[in-house]
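User: Please take me through this structure by question and answer, with the criteria behind each term.

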Amino acid sequence: MASVSIHPSVDGGVKPGKTGFAGGTLTCHCKSNPVEVQIGSDCLHNHVCGCTKCSKPAGAAFSMVSVVTSDNVKVTKNADKLAVVDGNALIQRHACKECGVHMHGPVTRANHPFTGLSFIHTELSGTEGFAAPTFAAFVSSVIEGGTDPSKMDGIRARLNELGLPPYDTLSPGLMDYIATFTAKANGVLK
Ligand SMILES: N[C@@H](CCC(=O)N[C@@H](CSCO)C(=O)NCC(=O)O)C(=O)O
Ligand SMILES: [Zn+2]
Ligand SMILES: [Zn+2]
C-alpha cells in the first residue's frame with residue numbers, strides 16, 4: 001500500500017510538530033539566488049491537498065499546504081523572482097519564476113472567510129517543527145490531475161493509514177467555519 005506516494009513529507013509517517021514552534025524560513029528550489037520567505041508563527045490547518053492548483057513535489061499525488069495570518073509572511077530575499085500564478089484565483093499563489101515553487105498565497109478578496117490568511121508549504125522550511133497535517137482535502141480532485149480513478153480506493157486507504165482522513169472538499173470543521181461565515185453574512189445566523 002505504501003507504493004502510493006501521497007507527499008514526501010508524510011510518506012514515511014506523519015511527524016508531529018513542536019509545541020510552541022515560532023516559524024521558520026521557506027526557501028525555493030533555485031540553486032542560486034533562491035527566494036526566501038520568513039514565516040513568523042506556526043501554521044494552522046495543515047493538510048495534504050489533491051487539488052490541481054496547489055504545487056505538488058514531483059511524483060507526489062498531493063501538495064501539503066497550511067495557513068498563517070498574512071502579517072506573519074515576509075518575503076526577505078529575491079522578491080523580484082515571484083509572480084502570481086493566476087490573478088483571478090482566490091489564493092494569490094506567488095511562485096518563483098525560475099523553479100516554479102509556490103512560496104506564499106495570500107487571500108485578499110473582500111468578505112471571504114479566508115481573507116487575511118496566506119497559504120504556505122511548510123516543507124520548504126529547513127527547520128522542522130511546523131504543525132503536522134491532520135487531514136486530506138480535495139482527494140477526488142487528483143483524478144482531475146490525471147490519477148486513474150481505479151487508484152482512489154488505495155489512495156483513500158493509504159490516507160486513512162497515515163491518520164489523514166480523506167475529504168473531497170476541506171475538513172468538516174473548515175466547511176462548518178465557511179458555512180457559518182456565509183450564514184452570518186446573509187443574516188441567517190447572528
Ligand atoms: N477540483 C478543483 C478544486 C480546486 C480548489 O477548489 N482548491 C481549493 C483548495 S486549495 C488548498 O486547500 C481552494 O480553496 N482553491 C482556491 C484557489 O485555488 O484559489 C481542482 O482540483 O482544481
Ligand atoms: Zn526558485
Ligand atoms: Zn489545493
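User: Which arrangement do the four donor atoms around the zinc ion (ligand 3) make?

Analyst: This is a predicted model, in which local features need pLDDT of at least 70 and side-chain atom pairs count only at pLDDT 80 or more, while totals for chains, interfaces and linings use all residues. Residues are numbered from 1 along each chain as its sequence is written, chains are lettered from A and ligands numbered from 1 in the order in which they are written, and side-chain values use heavy atoms, with hydrogens and water left out. Four donors count as tetrahedral if all angles lie between 85 and 135 degrees; because the angles here run from 94 to 128 degrees, the arrangement is tetrahedral.

User: Which protein residues are the donors of the zinc ion (ligand 3), and how are they spaced in sequence?

Analyst: Donors are N, O and S atoms within 2.8 Å of the metal (3.2 Å for Na, K and Ca), and since water is not among the atoms, sites may look incomplete. The SG atoms of Cys49, Cys51 and Cys54 lie 2.2 to 2.4 Å from the zinc ion, and the spacing of the donor residues is C-x1-C-x2-C.

User: Is Cys54 buried or exposed?

Analyst: Buried means under 20% relative accessible area, exposed over 50%, and partly exposed in between (1.4 Å probe, protein chains only). With a relative accessible area of 9%, Cys54 is therefore buried.

User: How many disulfides does a search of the whole structure find?

Analyst: A disulfide is a pair of cysteine sulfur atoms within 2.5 Å. The sulfur of Cys43 is 14 Å from the closest cysteine sulfur, in Cys54, and is therefore too far for a bond. Over the whole structure, the number of disulfides found is zero.

Note on methods: Four donors count as tetrahedral if all angles lie between 85 and 135 degrees; four count as square planar and six as octahedral if opposite donors are over 155 degrees apart and all others between 65 and 115; anything else is irregular.
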